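Subject: Structure handover

Hello,

Please find the structure below. My notes on what was found follow after it.

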Amino acid sequence: MRFLLTDEQAAFGRSLEAMLSAADTPSAVRAWAAGNAVPGNALRARLGTVGVFALAVPEEYGGVGVLPVELAVAYVELGRYAVPGPVVETVAAAALLARLAEHGEAGPAKRLLPALASGGASATLTLPGGGPYALDADAAAYVLVVHGDELRLAPGTGALRASSDPARRLSRPAPGGELLASGPAVREAAGHAADWAAFATAAQSLGTGLALLERTVAYARQRTQFGTVIGGFQAVKHRLADTLVGLEFARPLLFGAALSMTTADIAAAKLTAGEAAYAAARTALQVHGAVGYTEELDLSLWLRKARPLRDAWGTPSECRRKVLAGS
Amino acid sequence: MDLRHTPQEDAFRAEARAWLAANVPERPLPSLETEEGFAAHRAWEARLHADRWSVVAWPREYGGRGVDLFTWLVFEEEYFAAGAPGRVSQNGVSLLAPTLFDHATDEQRARVLPSMASGEVIWAQAWSEPEAGSDLASLRSRAVRTDGGWLLSGHKTWSSRAAFADRAFGIFRTDPGAAKPHHGLTYLMFDLRARGVTVRPIGRLDGKPAFAELFLDDVFVPDEDVIGEPGQGWRIAMSTTGNERGLTLRSPGRFVAASQRLVRDWRASADPSDTALGDRVADAVVGARAYQLFTYANASRFAAGASIGAESSLNKVFWSDYDIALHETALDLLGADGELADGEWAEGHVFSLAGPIYAGTNEIQRDIIAERLLGLPKGRRR
Ligand SMILES: Cc1cc2nc3c(=O)[nH]c(=O)nc-3n(C[C@H](O)[C@H](O)[C@H](O)COP(=O)(O)OP(=O)(O)OC[C@H]3O[C@@H](n4cnc5c(N)ncnc54)[C@H](O)[C@@H]3O)c2cc1C
């Protein structure tokens, strides 16, 4: 038993943190929201060069093998820096294709996986049992749709709709399209991909919550009212303390899920990280006061993401059902 | 990252499980917080001790097995899963013993620990006073120098299990002139049956005498019962509060077992259309797992040489809030029977309600988290 990151895993997280903190991600997020995917795609490509999208891909398809712990480390950082785009969906698509290959359907994996693993291309997808909307289909190189036991490459994005998070765009992919694979293996692989999507979202949520807390603590330490910093008021301190408790008890569930990758453990992590990050968003807004309610402040980039992430790839109720089914 | 147990831990688990299966009383013992139950729990401690299960993490010379923290966690998982009795010696084992390991002389350890391990001597914690709760450092009970020792006087209260316990450990003011309130305090042990001690049991919310107040009137304590240097009492006491708040007071095994019992009861009796209740059962399962994994992470950090400081306040807030939610869910599941005083979850519920108060209230813990872990300004506390 050594339930701690190895030195290499911790160093990987720090290197991503260093890269992302220097990358001015808020500008990329704002550009993404305005329909300009260029900075976001450049960011993805850079993350690709350090292997972030190769962590769910076997070596034969250009990946580094399936490394959920490293993936969690990476996606916490992606969440902390609000990296825009279908990053979760790309890894879920990779998991889907890799699983199909394990079932003997290697064609789609050979064709699509190397580009996804390198960060050269992104994918988005819808899965049975998931929501009807694909995320950021307009920016994704591939839009995959699993329906029943068919996997298709959607012929178009479908009409785009705005999300409550302007950096997310939703659409129902156009029906039909090229049939990539079919049969019971598709159904099984889709379930597997849904677990990976929930898992990566849990990590992204945790990172989102951590960023909200970090920014809010920093604000509370410098904002002065009544002649004293607001971070000295107990009502503020205790709310921030509770936020830390919520996030720090989500973290071990995330890494526990990384080790087992069971549906129930992933659901527990997703539920807890999603709720903790959303609670962090509520706290962040309250502690910032009116300025926190503005889109101008970069805080809004995380604030508006927390709730969609809480619900994407497994609402809290769905997660609880999976937990009970597995215990 | 690795959550696997070693073969030795697995073997230990199997041995503990077998012993517990053969020895745990078939019917629950009477409540620990009654005279009859106290005696029955003391006898259970002796039984555990006879086969070296009472203090597995202690060195062998004091009656333990010298196992590490991970193995202790395994023991706790098995202990609670087996539905074994509550631990009447808990406050001695989890609060006084670590203090003795860190600060006492060999002579004191040899004198105190074996009888603590066997349950022959049950210890009570005597820190709080009527006017010194959260602000413990304002305590007024005094120890005054006398020939060969000290004379205690004052009023201690809320001392758990003191109604039936044998001895107590506490902090006393030995230098009233010290510059700061938490200077001039001394940590010492005394006999609850010594001359000058009056124990008045206090009924907790359900009426059971779970704690007591102690009136001390020139109670003699020999020098050999002072722990560490006189005047160092605060520092010594604070070095064990991490144990109290942290992982050794409320081991995750307790909550994992309780959440599994809850799932079992829910499967057996719940209305499946009541999804709101099902959600809370799921939360109980998730919370127990989170606490277990959080503890494994802390134990790993500990094994890697780190010390657990203010992080123990995260534990304390989490388990105390969790415990109440778990028991409230269980009572709701019982419906009308949830009101019965002898129901399966009733005593646990009463007990859980005090969790946010003892071992440092959750308000104080949140202050500690905010100040020491988040770096927010210090408030008006000592
Ligand atoms: C079941 C039980 C068992 C116990 N067992 C023992 C024992 O064995 N030995 C022992 O010595 N003691 C024991 N205690 C006492 C326990 O340690 C105290 O109750 C605790 O320290 C709080 O002190 P108090 O009750 O005097 O509350 P107070 O300190 O008076 O607090 C009352 C309320 O005010 C709040 N408050 C106080 N100060 C602040 C602040 N600075 N900021 C914000 N809020 C504040 C508290 O959080 C609380 O909500 C036990 C208590 C209980 C309930």
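A term first: contact, or packing, is used here for heavy atoms within 4.5 Å. Helices (H or I, at least four residues) and strands (E, at least two) are DSSP runs, numbered from the N terminus.

This is a predicted model, in which local features need pLDDT of at least 70 and side-chain atom pairs count only at pLDDT 80 or more, while totals for chains, interfaces and linings use all residues. Residues are numbered from 1 along each chain as its sequence is written, chains are lettered from A and ligands numbered from 1 in the order in which they are written, and side-chain values use heavy atoms, with hydrogens and water left out.

Helix α11 of chain A

In α11 (residues 316-325) of chain A, the buried residues are A:Pro316, A:Cys319, A:Arg320, A:Val323 and A:Leu324. Buried means under 20% relative accessible area, exposed over 50%, and partly exposed in between (1.4 Å probe, protein chains only). Viewed down the axis of α11(A), these buried residues fall within an arc of 135°, so they line one face of the helix. The arc is that of the directions from the helix axis to the C-beta atoms. A:Arg321 and A:Ala325 are exposed, on the face turned away from the buried side. Both chains supply the packing: α9 (263-288) and α10 (299-311) come from chain A, and α7 (252-269) and α8 (275-303) from chain B.

Helix α1 of chain A

Helix α1 (residues 7-21) of chain A has 15 residues and reaches 21 Å from its first C-alpha to its last, close to the 21 Å expected at 1.5 Å a residue. The expected span is 1.5 Å times one less than the number of residues. Its buried residues are A:Gln9, A:Phe12, A:Gly13, A:Leu16, A:Met19 and A:Leu20. They fall within an arc of 125° seen down the axis of α1(A), so these residues too line one face of the helix. The face turned away from them carries the exposed A:Asp7 and A:Arg14. The cover over the buried residues of α1(A) includes α2 (25-33), α3 (38-49) and α4 (68-80) of chain A.

One residue of α4(A) is A:Leu78. A:Leu78 is buried, with a relative accessible area of 1%. Leaving aside neighbours within four places in sequence, A:Leu78 is in contact with A:Leu20, A:Leu47, A:Val52, A:Val83 and A:Val87. A:Val52 is 26 residues from A:Leu78 in sequence, and their C-alpha atoms are 9.6 Å apart.

The ligand

Where does the ligand lie? The ligand sits between chains A and B.

- a nitrogen atom of the ligand, 2.7 Å from an N or O atom in the side chain of A:Gln234;
- a nitrogen atom of the ligand, 2.9 Å from a backbone N or O atom of B:Gln125;
- an oxygen atom of the ligand, 2.9 Å from a polar backbone atom of B:Trp127.

Taken alone, the ligand exposes 970 Å², and the protein buries 67% of that. These areas come from the Shrake-Rupley method with a 1.4 Å probe.

Regards

Conventions:
Near = heavy atom within 4 Å. Polar contact = N/O pair within 3.5 Å; in protein donor to acceptor, adjacent residues only side chain to side chain.
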